[in-house]
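Please look over the structure below together with the notes that follow it. They take up helix packing and then aromatic pairs.

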Amino acid sequence: MIAAEALHVRFGAVHAVRGVSFTVAPGESFGLVGESGSGKSTVLRALAGLAPVSDGRLVIDGQDLAQGRDRAFFRKVQMVFQDPYGSLHPRQTIDRILAEPLLVHGLPEARIARALEEVALPPALRYRFPHQLSGGQRQRVAIARALIADPSVLLLDEPTSALDVSVQAEVLNLLADIRAARQLTFILVSHNLPVVAHLCGRIAVMQAGRIVETLDEASLRAGEASHPHTRDLIALSRDLEGA
């Protein structure tokens with residue numbers, strides 16, 4: 001479903017992504033982890049068309065993204081951002097926020113009620129504004145907006161890092177249930193190893209713009225990493241959990 005081949009992204013003199021390659025099968029959940037500044041979110045933004053590709057190749061569902069992204073692409077591929085308050089228009093109601101992608105793609109308004117139900121939000125929230133919702137509710141709205149046009153790929157950029165720990169688990173379980181029900185393909189970016197292990201079957205570890213290791217979820221949980229940076233991340237994660 002998704003392939004990156006020798007991807008490079010530069011912002012002026014900053015070489016943010018350096019020769020990254022990976023593939024994601026249809027229906028798979030693939031994780032990108034690493035410290036801040038490792039380039040993981042930039043890879044996601046390059047896939048979405050929000051960051052320039054300096055060199056290399058990106059393909060989604062057989063479509064070479066070097067040829068551009070048409071309206072069908074933006075229905076097929078949707079992104080959920082880290083900050084649910086910043087990604088929702090503060091002066092639009094939830095109804096208006098969810099109606100916008102329907103207007104763009106010519107889809108019926110009846111999908112709004114279905115989208116709210118799918119993310120377990122009560123109908124009464126439909127005509128409220130983002131500031132009237134909790135952080136977890138706002139992120140559920142952001143997920144509903146991403147799902148409302150029936151995409152096949154979700155790009156998730158640290159979707160729970162701005163939430164309280166108790167709410168994080170609810171949103172992660174919601175995403176897992178939605179992926180299973182819809183057979184969606186996920187790429188999840190996070191610095192939180194337990195979050196990635198909860199949702200992803202395979203995980204790529206990034207450092208300084210490169211993928212230094214790819215391992216499966218079982219190997220990550222068992223601490224069976226070969227690269228020193230991966231071992232350091234696992235040790236830090238266990239120290240934080242212990243604390």
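**Notes on helix packing and aromatic pairs**

1. Helices α3 and α4 are roughly perpendicular to each other, a term that covers angles of 65 to 115 degrees. The axes of α3 and helix α4 (residues 111-118) cross at roughly 115° and come within 10 Å, where axes are lines fitted to C-alpha atoms, for helices over the stretch in contact, and angles run from 0 to 180 degrees between N-to-C directions. Helices here are DSSP runs (H or I, at least four residues), numbered from the N terminus.

2. This is a predicted model, in which local features need pLDDT of at least 70 and side-chain atom pairs count only at pLDDT 80 or more, while totals for chains, interfaces and linings use all residues. Residues are numbered from 1 along each chain as its sequence is written, and side-chain values use heavy atoms, with hydrogens and water left out.

3. The crossing of α3 and α4 is right-handed, that is, the near helix is turned clockwise from the far one by less than a right angle. On the α3 side, Ile94, Asp95, Leu98, Ala99 and Leu102 meet Arg111, Ile112 and Leu116 of α4, contact being heavy atoms within 4.5 Å. Sorted by class, this contact of α3 with α4 has six nonpolar, no polar and two charged residues; Ala, Val, Leu, Ile, Met, Phe, Trp, Tyr, Cys and Pro count as nonpolar, Asp, Glu, Lys and Arg as charged, and the others, Gly among them, as polar.

4. How do the axes of α3 and α5 cross? Helix α3 (residues 94-105) and helix α5 (residues 135-147) have axes that come within 8 Å and cross at roughly 25°. That angle makes α3 roughly parallel to α5, the term for angles under 35 degrees. Here too α3 passes α5 in a right-handed crossing, and the contact joins Ile94, Ile97, Leu98 and Pro101 of α3 to Val141, Ala144 and Arg145 of α5. The residues of this contact divide into six nonpolar, no polar and one charged.

5. There are two aromatic pairs, counted where ring centres of Phe, Tyr or Trp (its six-membered ring) lie within 6.5 Å. The rings of Phe22 and Phe30 have centres 5.1 Å apart and planes at 20°, so this pair is stacked (planes under 30 degrees apart). Both Phe22 and Phe30 are buried, meaning under 20% relative accessible area with a 1.4 Å probe, protein chains only.

6. The rings of Phe73 and Phe74 have centres 5.1 Å apart and planes at 90°, so this pair is edge-to-face (over 60 degrees). Phe73 counts as buried at 1% relative accessibility, whereas Phe74, with a relative accessible area of 35%, is partly exposed, the class between under 20% and over 50%.

Technical notes:
Helices (H or I, at least four residues) and strands (E, at least two) are DSSP runs, numbered from the N terminus. Angles under 35 degrees count as roughly parallel, over 145 as roughly antiparallel, 65 to 115 as roughly perpendicular and the rest as oblique.
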